[in-house]
Amino acid sequence: MSTPKATPPRVAAADRGATRIADRVVAKIAAQAAREALTAPPGRPGEAAAPHATVTVHHDIARVRVSLELGYPSDLAAQCAAVRRQVALRIEECAQMAVPEVAVDIEHLHSAHTRLPAGRDRRLR
């Protein structure tokens, strides 16, 4: 005769463990979100290199730094504000993390006056 197996007690979901999202994954979300913000007006798609993001995650808080290349003349402040909003929104949606700050570094400005026909930048002297 066999004895019935005892079923283990149910463990609440919060007590079972946690999912950790790597910093590099959050950085990819941030870079994609910055790209989304720049392809909508007033950004100019195809004119600059893809944004690059670095992220530091501590618990459920992400601190983000995004490096961009932007077209000039344009409203740089508005473009940076759009990037900050979009990056914070996407990280909160996709990774369920709070984003108290998004630092934006403008690495390079692209001007129609400094563009060569082949699409390469001319050095200003």
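Is glutamate 101 buried, partly exposed or exposed? Glutamate 101 counts as partly exposed, because its relative accessibility is 42%. Buried means under 20% relative accessible area, exposed means over 50%, and partly exposed lies in between (1.4 Å probe, protein chains only).

1. Basis of the model. This is a predicted model, in which local features need pLDDT of at least 70, side-chain atom pairs count only at pLDDT 80 or more, and totals for chains, interfaces and linings use all residues. Residues are numbered from 1 along each chain as its sequence is written, and side-chain values use heavy atoms, with hydrogens and water left out.

2. The sheet. An open sheet is formed by 3 strands in the order S1-S2-S3, with mixed pairing. Helices (H or I, at least four residues) and strands (E, at least two) are DSSP runs, numbered from the N terminus. Two strands pair if DSSP finds at least two bridges between them. S1 and S3 are the edge strands, each with a single partner, so one side of each has no neighbour in the sheet. From one strand to the next, the twist averages 15°.

3. S1 against S2. These strands run antiparallel and are joined by 7 bridges. Threonine 54 stands opposite arginine 65 in S2. H2 packs on the sheet, where H2 touches S1 and S2. The direction of H2 makes about 135° with that of S1. Axes are lines fitted to C-alpha atoms, for helices over the stretch in contact, and angles run from 0 to 180 degrees between N-to-C directions.

4. Helix H2. This helix has 17 residues. Its span from first C-alpha to last is 25 Å, close to the 24 Å expected at 1.5 Å a residue. The expected span is 1.5 Å times one less than the number of residues. Buried residues of H2 include Val26, Ile29, Ala33 and Leu38. Their cover includes S1, S2 and H3. Contact means heavy atoms within 4.5 Å.

5. The core. The largest nonpolar core has 28 residues. Such a core is a set of buried Ala, Val, Leu, Ile, Met, Phe, Trp, Tyr and Cys residues joined through side-chain atoms within 4.5 Å. Ala62, Val64, Val66, Leu68, Val83, Val87 and Ile91 touch the most other members. H2, S1, S2, H3 and S3 each supply at least two residues. H2 gives the largest share, 9 residues. Leucine 68 touches Ala34, Val83 and Ile106, among others, not counting residues up to four places away in sequence.

6. The whole structure holds 5 salt bridges. A salt bridge is a side-chain nitrogen of Lys or Arg within 4 Å of a carboxyl oxygen of Asp or Glu. Arginine 63 pairs with glutamate 101, with closest N and O atoms 3.5 Å apart. Arginine 63 lies in S2 and glutamate 101 in S3, so this bridge ties together parts 38 residues apart in sequence. Arginine 65 and aspartate 105 also form a salt bridge, at 3.0 Å from N to O. That pair links S2 and S3 across 40 residues. Arginine 65 is partly exposed at 40%, and aspartate 105 is partly exposed at 24%.

7. Glutamate 36 forms a salt bridge with arginine 90, their closest N and O atoms being 3.0 Å apart. Glutamate 36 is in H2 and arginine 90 in H3, 54 residues apart. Glutamate 36 is partly exposed at 26%, and arginine 90 is partly exposed at 25%. Shared partners join Glu36, Arg90 and Glu93 into one network of salt bridges.
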